[in-house]
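Trainee: Could you walk me through reading salt bridges in a model? I'd like the general idea and then the case at hand.

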Amino acid sequence: MTQRHSYFCPCPRGMEQALADELIEIKTQHSASIHVHNQVPGGVHFSGEMLDAYHVNLHSRIASRVLLRMAHKSYNNENDIYDLTMEQAWEDWFSIHHTIRVDVTAIKSPLRSLEFTTLKIKDAVCDRFRDLCNARPSVDTQTPDIRLVGFLDARNFTLYIDTSGEPLFKRGWRLETGDAPLRENLAAGLLRVAGWKPGMTLFDPMCGSGTILAEAAQMLAGIPPGLHREFAFEKFGNYDEQSWKAIKAAIKIKEVTGAPTIFGSDISGDMVVMTRNNLNKAGIKFEVPLKQIEAQQIQAPPSEIAGIMLTNPPYGERIGVRGDSTLETDELANSFFSSFGTTLKQRFAGWQVFLFTADLTLPKMLRLKEARKTPFFNGALECRLFRFDMVAGFNRREAAKPKES
């Protein structure tokens with residue numbers, strides 16, 4: 001009988017439901033042996049066979065990693081953690097020739113030092129190898145072959161081996177980034193939460209280096225996010241190379257034809273070039289129209305049906321690229337977003353507009369009332385995804401307003 005494992009997929013905080021939904025889709029489309037379990041703040045538990053880790057690493061756009069649970073037990077002190085780690089058959093998973101790294105996170109743990117706990121886990125792994133073969137693996141904190149992750153709560157210790165390696169948001173296509181780019185898995189989660197699906201019109205008028213556009217374009221073409229990268233499980237002792245090759249060989253990239261449905265623009269010509277390069281590196285063969293234009297000047301793309309606008313507008317110093325260095329940042333932001341709000345009202349009737357930002361005053365500056373606001377975290381930064389429903393008739397009301405003298 002094939003062995004089943006327990007897994008945990010961390011994700012950006014706020015994206016847990018979107019990740020759970022995605023894992024259910026991966027189960028439906030690729031592997032019936034995946035079972036999705038409970039969501040916790042910052043991730044989702046699931047169980048499955050070893051090959052299910054291959055499927056989730058390849059196909060999940062929202063997970064940050066796929067962690068395989070090695071052990072779970074209550075503890076009183078660091079020695080309990082050392083003993084449990086020492087009991088695990090690490091030699092079945094990797095060899096002394098592989099480099100390792102250990103990371104520990106904790107919530108309400110009574111232990112005084114996470115650094116000391118991390119050291120005890122590393123010592124236990126190395127001591128086990130030394131007892132078995134009189135040698136030990138080396139530590140590499142930058143580019144380790146194998147990552148081990150410990151998690152402590154008030155009473156229990158859970159030990160994982162990371163099947164992903166580099167975090168999953170590193171798709172392998174990004175050539176360059178602009179200032180403070182969105183992580184790819186956060187962009188993919190925002191697309192899902194916004195309700196965008198391949199075939200619907202999508203427009204990002206402040207596209208930066210093109211993260212949202214590239215994620216959407218890969219979805220449209222059926223390109224899995226992990227297609228062009230390597231994973232830690234390829235170094236495991238139980239690595240099934242034939243099955244992994246078969247899983248990748250089963251991928252069918254779609255040929256996208258017809259009128260474009262994904263559009264982008266940015267005030268910066270350099271950003272437009274960067275987006276074009278990133279789309280090419282992401283394997284996008286179809287046309288994604290891009291334009292260099294200020295966000296206040298944009299027009300709705302040609303489409304019979306109103307679409308979805310999703311963007312991560314710049315704020316603070318990044319708005320300064322819009323030109324007038326004589327204005328204070330707040331005044332500049334107010335001026336920019338006020339003008340942008342007018343553009344939305346006049347030119348995007350029927351559209352759903354989603355703006356992802358850390359600036360909670362954004363609706364006030366746009367002079368728009370949000371239909372919904374959803375909290376998410378971009379790393380440690382608390383943000384909101386604001387939804388604005390641009391009803392037809394906005395533009396008529398705007399035109400009827402008396403002009404300011």
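Trainee: Is lysine 170 buried, partly exposed or exposed?

Mentor: Let's start with the ground rules. This is a predicted model, where local features need pLDDT of at least 70 and side-chain atom pairs count only at pLDDT 80 or more, while totals for chains, interfaces and linings use all residues. Residues are numbered from 1 along each chain as its sequence is written, and side-chain values use heavy atoms, with hydrogens and water left out. Buried means under 20% relative accessible area, exposed over 50%, and partly exposed in between (1.4 Å probe, protein chains only). Lysine 170, with a relative accessible area of 40%, is partly exposed.

Trainee: Which residue does lysine 170 meet in a salt bridge?

Mentor: Side chains of opposite charge can pair when their charged atoms come close. The cut-off for a salt bridge is a side-chain nitrogen of Lys or Arg within 4 Å of a carboxyl oxygen of Asp or Glu. Lysine 170 pairs with glutamate 166 at 3.0 Å, N to O. Glutamate 166 also forms a salt bridge with arginine 147, with the closest N and O atoms 3.9 Å apart. Glutamate 166 is partly exposed at 32% relative accessibility, whereas arginine 147 is buried at 10%.

Trainee: How many salt bridges does a search of the whole structure find?

Mentor: The search finds 16. Among them, arginine 128 pairs with glutamate 91, the closest N and O atoms being 2.8 Å apart. Here arginine 128 is buried, at 18% relative accessible area, and glutamate 91 is partly exposed, at 31%.

Trainee: Which residues are linked in a network of salt bridges?

Mentor: Arg61, Arg171 and Glu215 are linked that way.
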